[in-house]
Amino acid sequence: MRRVAVVGVGYSQFGELWERGFRDIVLEAGAEALADAELEGKEIEAMYVGNMSGGRYLGQEHIAALIADYSGLAEFGIPATRVEAADASGGLAVRQAYMAVASGLHEIVIAAGAEKVTDVGDPMEILSASVDMEWERFVGGNLPALYAIMARMHMESFGTTEEDLAMVSVKNHRNGVKNPKAQFRREIKVDDVLRSPYVAEPLKLLDCASISDGAAAVILASENVAREITDTPVYIEACTQASDYIALHSRKDVLTMKAVVKAAREAYKLARIEAKDVQVAEVHDSFTIAEILAYEDLGFSEKGKGAELIREGITEIDGDLPVNPSGGLKACGHAVGATGVRQIVELTLQLRGDAEKRQVDAEKGLALNIGGTGATAVVSILGR
Amino acid sequence: MVPRFWRKIKYRYDLKGSYCENCGNYHYPPRNFCPVCRRRGRVKEVRLPDEGRVLSYTIIREGEPCVVALIELDNGTRIISQLSCDPSEVETGMRVRKAFRRYGEDGEEGIINYGTKFVPAN
């Protein structure tokens, strides 16, 4: 296996983009990534696209060919492949691109992620199709409900409070203010979260990430090619993936995302680091409890003690381990299939020193992208 | 949608699950294949206990409040189901018993979906 570097990154504005269509936002992200890599486009040998549900969000399938076409790559006839794992689709696209380069099959590959959720259908209902539709969703267990069940169990087992969960949202909103592409660029207070209406008790509206329109793209190249293209390559030192039982009721321990634990353990081994060596992380805070669980399952804290990190300010942007400097899914917006790619964009900017007002000091970064309630997890470790 | 629902009514109307004679694990919904033992598994269909306790729950606050709970039946099988009771009555650890209830319908002209919900056991 060869070393693989990120040589170009880009992403569109995230949010409710009423004036822009799916093709527009994908192009915006792709063009930015190409400009960043100083490539024309014809050097790209293959494309992987993370997209959860073009069929239901847009009524459009065959998304990868569509994107290849509208990015002007149909002319070259490159292979374009869509990959899907609910809201981990973007992470999977990056991993497919990574494997295509690491294996020696291709020299330069683009991974994109895109979702346009505001055109057709109910965004949360479609995202909830990531759970077991027949045995969870049928009885009312949609995505917020299942995370709420985890949240209550965490609170009753470990003493985590609704205030702790609120602080995750407050932190991510504070970071989002500094990200020009974030959907929500305003600070909120713990009280605002606590006073927002319950969606699924104990989770409130401001505990839930908004489901947004957005697209992101990263261009990956083999180490040798990367050195010719750029002076600031950021290396993907690991990109691992794992799965778990899809339904909560099949998991022995509902409060441990086994897929995250397994993917993280393998990623640390490949990157030859430990959890304590991670200096910045982008994690999947689709709900505030998910960020607390991520701290624990990634090994940033012991099981049950995740809330201490937020209480002590460790994961604040100026703390020892900044988590979600981009604003995370909560403030940047959760553009479903784009999110996992957007996380890699953020880490690349951070490690290159290009993150402007939200810059942290880091040489090693970790991204965690989750599908549904944790039946798919993708962990990437980047280093400069 | 009708066949998709109909073919599972045996398991929705009653609590039928599977038991693996090799490892002693129960599963709901039933599985054709024991995920623990794989090829060595000996899976048979069994009736699950009528009662259990609430491990955790949520009250969904979109429209009429709806209680969705993770329940552990008395033999250890876990199931996500609705609790049919006043949301203010619910607490973790409470004993619950299965009940046959209406879940909803597929639009005005579609079939009515029935299934198992749980009620307080006392």
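This is a predicted model: local features need pLDDT of at least 70, side-chain atom pairs count only at pLDDT 80 or more; totals for chains, interfaces and linings use all residues.
Strand E2 (residues 46-50) and strand E4 (residues 108-115) of chain A pair in the parallel sense over 5 bridges; strands here are DSSP runs of E with at least two residues, helices are runs of H or I with at least four, both numbered from the N terminus, and two strands pair if DSSP finds at least two bridges between them. Within this pairing, A:Met47 has A:Ile110 of E4(A) as its bridge partner.

Residues are numbered from 1 along each chain as its sequence is written, chains are lettered from A and ligands numbered from 1 in the order in which they are written, and side-chain values use heavy atoms, with hydrogens and water left out.

Let me turn to the sheet in chain A. It is an open sheet of 9 strands with mixed pairing, in the order E3-E2-E4-E7-E1-E8-E11-E10-E9. Strand E3 (80-83) and strand E9 (280-282) are its edges, each pairing on one side only. On average, neighbouring strands are turned by 25° against each other, direction ignored; axes are lines fitted to C-alpha atoms, for helices over the stretch in contact, and angles run from 0 to 180 degrees between N-to-C directions.

Which strands does helix H10 of chain A touch? Helix H10 (residues 258-271) packs on the sheet against E8, E10 and E11 of chain A, and its direction makes about 150° with that of E8(A); contact means heavy atoms within 4.5 Å. Helix H14 (residues 339-352) of chain A lies across E1, E4, E7, E8, E9, E10 and E11 of chain A, at about 170° to E10(A).

Now the pockets and cavities. On a 1 Å grid over the protein atoms alone, a cavity is a set of points where a 1.4 Å probe fits but cannot get out, while a pocket is an open set with protein on both sides within 12 Å along at least five of seven lines; lining residues have an atom within 4 Å of a point.

The largest pocket is lined by 37 residues, with A:Glu125, A:Arg137, A:Phe138, A:Gly140 and A:Asn142 nearest its centre. Strand E7 of chain B gives the largest share of this lining, 4 residues.

The largest cavity is lined by residues including A:Trp135, A:Phe138, B:Arg12 and B:Tyr103. The largest share of the cavity lining, 3 residues, comes from E6(B).
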